[in-house]
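Colleague: I would like a close look at a single part of this complex. Please walk me through one chain and what surrounds it.

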Amino acid sequence: MNCVQLSTHTMATRFELVLYGNNRSRLRAAGEEALGEIERLAAQLSFYAPDSEIHHLNTHAAITPVRVNPRLFSLLKSCAELTKKTDGTFDVTIGPLMRAWRFVNEKGALPTEEEIAQALSQTGMKHVLFDEETCSVQFDHPGIEIELGGYGKGYAIERALESLRENGVTNALLHGGTSSIATIGSPPNDAHWKIALHPPLAGTMNLKNDAMSVSAVHGKSFIVDGRVYGHVLNPKNGWPVNGAQAAVVQGISASVCEALSTALLVKGADWLPQLAEYFPGYVGLVAS
Amino acid sequence: MNDDTAIRRDFLKGAAASLLVMFSEDDLLAASLRQTTPSTPPVKFGLIGVGQWSKEILATISRSQSARISALCDPYQPALKKALETAPNAMTTNDYRKVVESPEVEAVIIATPTHLHKDIVLAALQAGKHVYCEAPFAHTIDDAKAIASAAQANPKLKFQAGLQGRSNAMYRHISNFIRTGVLGSPAQVISQWNKKLSWRRAAPTPEREAELNWHLSKQSSIGLPGEIGIHQFDLVNWYLKSLPIAVSGFGSTINWKDGRDVPDTVQCVLEYPNNVRMMFTSTLVSSFSNSYTLFQGSNSSLMLREKRGWMVKEADSALLGWEVYARKENLHDETGICMVADATKLLEEGKEPGKESSMETRQSALSLAFDNFAQSIRENTNPIGSVLDGYRATVTAIKAHEAVMSGNKIAIPKSIFDLN
């Protein structure tokens, strides 16, 4: 069995793809198409690119309803559903808070209480209105900004795997920045893809036709007076998460895993029973 | 705002206002389209050919206020099913004649493999539909001429060539800038498109795979010069207001020896009048430096990448004035003066172009192209990317591919660019 490896750099991270199959050139072609799909979605969903669909939405939706791609419409509806089911701890309208904490194109800095309060008033999926008939989205409040950083990578991985399956690939692993991983089948001579967890998490996860996502407070962060402020923000209180250190969720959908690992990091281990209840088939782990 | 900032902003407004006098019509196009098109009903399009590039077309039109997809056509059912996710209300068929005859279709977008364009274009024009035909028009001069002649014979129907670079707000801005003579005497153009890519398409069955990989066969494809380079050739034809008189080419298959018979690496030298030459290179072996086109003249050089552009002035060229305050970036050892395509719109919003916002344009070239085409249909104006532009770019690409495949220098008679 042949092995083909491909990678691309987009969404500010590195995506790597491993494929196994009988025909190298077909595997390569399928892999290129899958990574091309990720690059296309990165351009569509970018918070930063001035010609992205998300940028257009953020710029215009508080003024007028904005017609969006039906698949983006579905994506945003799924995000709204996840926000409800996670009690608001996963929320893609986190853009104003990211700006307040200078995590947009900057390294991060402590905002004032007023800035946090202002940003919180502009945060919440309740401000995003959906019109099914016209496939359009509107914000009921100026200043709302959708930022898909906590969902887009998993979504892109999911779509890439969809492309691989359509092209007949039966054994593959794709990850984005090692924090979001999804699989098709298993590697040759093994029942699962084995994923080792780094500290503060520990152990190994077995994946086969499913996905996992890790969220952690480390990574992009800054220190003030000895305290570390990480880039994962709690949309409920406007502050960086400071309870759990890392959370991992395994389940069928890479995008749902990504949303749930963020929510689990915010809510901590106490939320694990609700996660199991509201999201059957998904399991989580937390390092406090 | 301190005094210095105020003076600087006033200066920029004044400087840009004078630029506006020179550049206004085209520069305002991008900004104005979104405001003008929604007042008329969206144009109903039939999309014929639902392949890889059509994903971009569908995604672009799904957001548009000026266009809707009312029909989808492809012989491959799974592709149609997939396309319906983005255009859920469209009628689907595997027969293009049903699209061109449908009263629900006002205009067709032809995005099939290049060698299949001709019959569809002729049928669409015969049925009275407006046509957006992807570039290159065809893989042979005869087919390209048949397409262009049929379009010219139906002047009441709008025909737009799929040369979206012509709609790129940045490219249009720089085109006007070049017309002011800022380059000085044009000396040469260097252009490349590099990406490490097999360029092969995957499919679940061998039959579908053979259909999808038409571009890897010299029977149906004009290779990298045709499917990629055409956009860069068109840019040079447009900016230099000139057409090539000869082309030399070289091609090799370095990396992807998988049965294809079009090279994965090509070099072309196109000769234009007054001894100006364009070097075009493209490889599927290395991604280094991606894609760009560089115009070099006696006063300055202009570098264009997809969404961005820079001017680098010669030390002895005259001061233009405004560039003192323009945003600048390092281009290796040079200082590049940033070109900002939406400058006019930004100034209207009270922002300093390139400083308070991104340098990149806010609407993609493809989106602008479809808005422009829809506008041309509704308002009976000329589309950007005319049939003649498309034909001439196609001829340039076909001749460049011929040179690559033969390894010879080929003269291009002037008459070949004429349709009469």
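The request and one connected reply follow.

Colleague: Take chain B, and look closely at helix α2 (residues 52-62) of chain B. Which residues of α2(B) and α11(B) make the contact between them? Then set that part in its surroundings.

Modeller: Bear in mind that this is a predicted model. Start with confidence. The mean pLDDT of chain B is 88, and 86% of its residues reach 70 or more. Residues 1-37 of chain B are the stretch to watch, with pLDDT below 50. That stretch still has 48 contacts in the model beyond near neighbours in sequence. Where pLDDT is low, predicted coordinates should not be read in detail. For the complex, the predictor gives an ipTM of 0.89 and a pTM of 0.89.

Now the chain as a whole. Chain B has 420 residues, and 48% of them count as buried. It holds 12 helices and 16 strands. Take the contacts in chain B between residues at least 6 apart in sequence: 70% of these join residues at least 24 apart.

On to the helix you asked about. The axes of α2(B) and helix α11 (residues 365-379) of chain B come within 10 Å. They cross at roughly 65°, and the crossing is right-handed. From α2(B), the contact uses B:E56, B:T60 and B:I61. From α11(B), it uses B:L366, B:S367 and B:F370. By class, this contact has 3 nonpolar, 2 polar and 1 charged residues.

Chain B gives 23 residues to the contact between the chains, and chain A gives 21. On the side of chain B that touches chain A, the largest share comes from α2(B), with 3 residues. That side of chain B has 7 nonpolar, 8 polar and 8 charged residues.

Next, a sheet in chain B. It is open, has 10 strands and shows mixed pairing. The order is β14-β15-β13-β12-β11-β7-β10-β9-β8-β16. At the edges stand β14 (328-331) and β16 (409-411) of chain B. Each has a single partner strand, so one side of each is left without a neighbour in the sheet. Neighbouring strands are turned by 20° against each other on average, direction ignored. Within this sheet, strand β7 (residues 186-194) and strand β10 (residues 276-283) of chain B run parallel, joined by 7 bridges. B:N194 has B:T283 in β10(B) as its bridge partner. Helix α12 (residues 387-406) of chain B packs on the sheet. It touches β8 (246-252), β9 (265-272) and β16 of chain B, and its direction makes about 50° with that of β8(B).

Strand β7 (residues 180-184) and strand β10 (residues 211-216) of chain A pair in the antiparallel sense over 3 bridges. In that pair, A:A182 stands opposite A:A211 of β10(A).

Conventions: Residues numbered from 1 in each chain as written. Chains lettered and ligands numbered in written order. Predicted model: local features only at pLDDT ≥ 70, side-chain atom pairs only at ≥ 80, totals over all residues. pLDDT = per-residue confidence, 0-100. Contact = placed C-beta atoms within 7 Å. Helix = DSSP H or I, 4+ residues; strand = E, 2+ residues; numbered from the N terminus. Buried ≥ 20, exposed ≤ 12 C-beta atoms within 10 Å, placed from the backbone. Nonpolar A, V, L, I, M, F, W, Y, C, P; charged D, E, K, R; others polar. Pairing = 2+ DSSP bridges. Axes fitted to C-alpha atoms, helices over the stretch in contact; angles between N-to-C directions. Left-handed = near helix turned anticlockwise from the far one by under 90°.
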